[in-house]
There are 2 protein chains.
Amino acid sequence: MNSQENSSGTPSSPAPAQQTRRAQPVTLRQVAEAAGVSTATVSLVVNNKKAARISDETRKRVHDAIQDLGYRPNAMAQTLVSGSSRFIGLVADAIATTPFAGQIIHGAQDEAWKHGYALLIANTEGNRELERDAIAMMLEYKVRGILYSTWFHRATDVPDSLRESDFVLVNCFAEEPGARAVVPDEVQGGRSATEVLLKHGHRRIAFINATTPAPAKDGRLQGYREALEAEGIPFDNSLVLEAFPDQEGGYGATEGLLKLGVTAVYCYNDRMAMGLYDGLREQGLSIPDDMAVVGFDNQEVIAAHLRPPLSTVSLPHYELGAAGVRMLLGLDAEQASGPEKIYCPTVERNSVRALAPA
Amino acid sequence: MNSQENSSGTPSSPAPAQQTRRAQPVTLRQVAEAAGVSTATVSLVVNNKKAARISDETRKRVHDAIQDLGYRPNAMAQTLVSGSSRFIGLVADAIATTPFAGQIIHGAQDEAWKHGYALLIANTEGNRELERDAIAMMLEYKVRGILYSTWFHRATDVPDSLRESDFVLVNCFAEEPGARAVVPDEVQGGRSATEVLLKHGHRRIAFINATTPAPAKDGRLQGYREALEAEGIPFDNSLVLEAFPDQEGGYGATEGLLKLGVTAVYCYNDRMAMGLYDGLREQGLSIPDDMAVVGFDNQEVIAAHLRPPLSTVSLPHYELGAAGVRMLLGLDAEQASGPEKIYCPTVERNSVRALAPA
DNA sequence: TGAAGGTGATTAAACGCTTTAGCAGATTGG
DNA sequence: CCAATCTGCTAAAGCGTTTAATCACCTTCA
């Protein structure tokens, strides 16, 4: 890479930048001395200040010195003087309990990075004390702001110390007036899921909802009703079942479902759909021929690889993280009020087929 | 909380610490002025230096001032003077492609936190340039060291800039002599998986290996052989099949498997086992009665909720992350040589049953 | 009574960088 | 030929801490 001749004395050191490895980091001053200029000059060329008048010759000497010494600016010192740090904090209540949390981190990281920020993360495991400490740590690092995220969509209260900084709630919300938030659009998601079925001609559609109270429970049901009613199909409460939102719940709901005489079913989530697959198969029923199924969440490992692959609606965790930092940074036009709702895209696979016209 | 009387003038401010919200952060100097002491004194009490001689009265004045102003130390300034930061960097090639990466982050975060470090993360999506930038960023923040992790166990090469810092490879390894690494013990895992079957009396055990070359492929096979041989069962190469390591691969392997006349099968991973479940069921075969199955990875969403729940071997991602930071910090006794191998624990569920004695 | 020692604080330098004001010398204009 | 302007660079202050050195004052004891 560096084709410059070795004019600087020491003849046989193969990797000049490497030899200082793990030693005290090289400072601006050392570069300045090596180049025979002042630290101000070095700073000016490092930061490419166009206002500064530096001769090409000097500029080159500085660059060479930087190369030779393997200089890296000290970000701590920079932020100290500049007054504002380039950190965004992300506190999560469960980083790994679910693949989802990872996506929030991912989205936040990408977006933060895009705007020159680094992500500082902490996970609290739902522990209030840990949470307080984590937030304190972030405040001490003078983060630009904090993303407070939960692994499932829910109401939360805002920890006091959070208020000492800018913050936005991600995948959760609080009644509190000033609290900005980003959440998935459960209602739209529920509508989309139902529409997939509707679009294929199904008219009698069951919904297996969760038993566990949550915004998702209400929203997804609401979306189901809206989609139905938009098609002029009256909502029939006897078509909505409830079960615990996991595989076993879905499996257990099979019997009840079969009594309903429906041609299609929309499950609260993919895991229930997975259980339902087993239940249906046990009854010798085929998906999508005997029953069309859609899920919700788009939990990759499951949805994409069931037999047949499951049509579902995606929970936009990546987008949630990204939108969170955008909101924090004030990049999007400010919402009127209430949390910003993120669109849940439909993912069509093969668990739904057109209903043969009767 | 703060039951101190409001002796300081302004009468009706309800939340004293809160009112400075979002303003310029309070500094040590301001606390010092408010308490009528020098900044040195404040520093001394904040850090609880026992060597320092500070009267109780002064100490109290300082604490009150801190409370009133809502002071938080500036970590940047602290690390600047102390010379060493409290950061550990984690660069991952895929944060969210898989639930696994989340676990590595989680483990690293917990362990780092335990030792007073904060985790700085970056994900590179396998992009070399992004990777370089991410590492550069970490170096500029003068991290204590960097964890370089991959989402599946593999050989890697060490990016040049990584060498400018302490680092350890997590879930990957390099030939390079100086490169410390932590990886899962695939061989032991393969042995454990096989032993679960052996323990239940199975003697004729198939192994469905992956087609994709990887340390896991070799190691898990090796473990299978070792376990067999330890029981005096000669290794029979015709009992090892190969398929693409996902659900479809497992499903597709059903036919070949059934020709083998085995009573049990050990799958390269849980996803293949999931596919195999479907294949077996299609043939009207029951797990575990007609065929005992064990997987590998312990991919929660799948393994715990298949019908029947899958016995498997856990890939210790959390431990990998945690062991990574311990190694980085030099907390564990140094290994003789080669990567440190992390134990893969067995998780027994219901997909294996004792073989009725013939 | 005066030196020695203890107590409770302060002063000031340093950490690595950015940035404004300004300086010396060269060039230009009138 | 002198002032004005331009060019290339530097001095120094300041960001918020920590910490070694020091200071003023008070006790104690020989």
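Reply: In α11(A), the buried residues are A:D270, A:R271, A:M272, A:A273, A:M274, A:G275, A:L276, A:Y277, A:D278 and A:L280, where buried describes a residue with 20 or more other C-beta atoms within 10 Å of its own, the C-beta atoms being placed from the backbone. This is a predicted model, in which local features need pLDDT of at least 70 and side-chain atom pairs count only at pLDDT 80 or more, while totals for chains, interfaces and linings use all residues. Residues are numbered from 1 along each chain as its sequence is written, and chains are lettered from A and ligands numbered from 1 in the order in which they are written.

Me: What span does helix α11 of chain A reach from its first C-alpha to its last?

Reply: The expected span of a helix is 1.5 Å times one less than its number of residues; helix α11, residues 270-282, reaches 19 Å, close to the 18 Å expected. After α11(A) comes A:G284, with a positive phi near 75°.

Me: How many residues of chain A are in contact with chain B?

Reply: Two residues are in contact if their C-beta atoms, placed from the backbone, lie within 7 Å, and here 49 residues of chain A are in contact with 48 residues of chain B. The largest share on the chain A side comes from α5(A), with seven residues.

Me: In which sense do β2(A) and β2 of chain B pair?

Reply: Strands pair if DSSP finds at least two bridges between them, and these two pair in the antiparallel sense over three bridges, with A:L119 opposite B:I121.

Terms used. Helices (H or I, at least four residues) and strands (E, at least two) are DSSP runs, numbered from the N terminus. A residue is buried if 20 or more other C-beta atoms lie within 10 Å of its own, exposed if 12 or fewer, and partly exposed in between; C-beta atoms are placed from the backbone.
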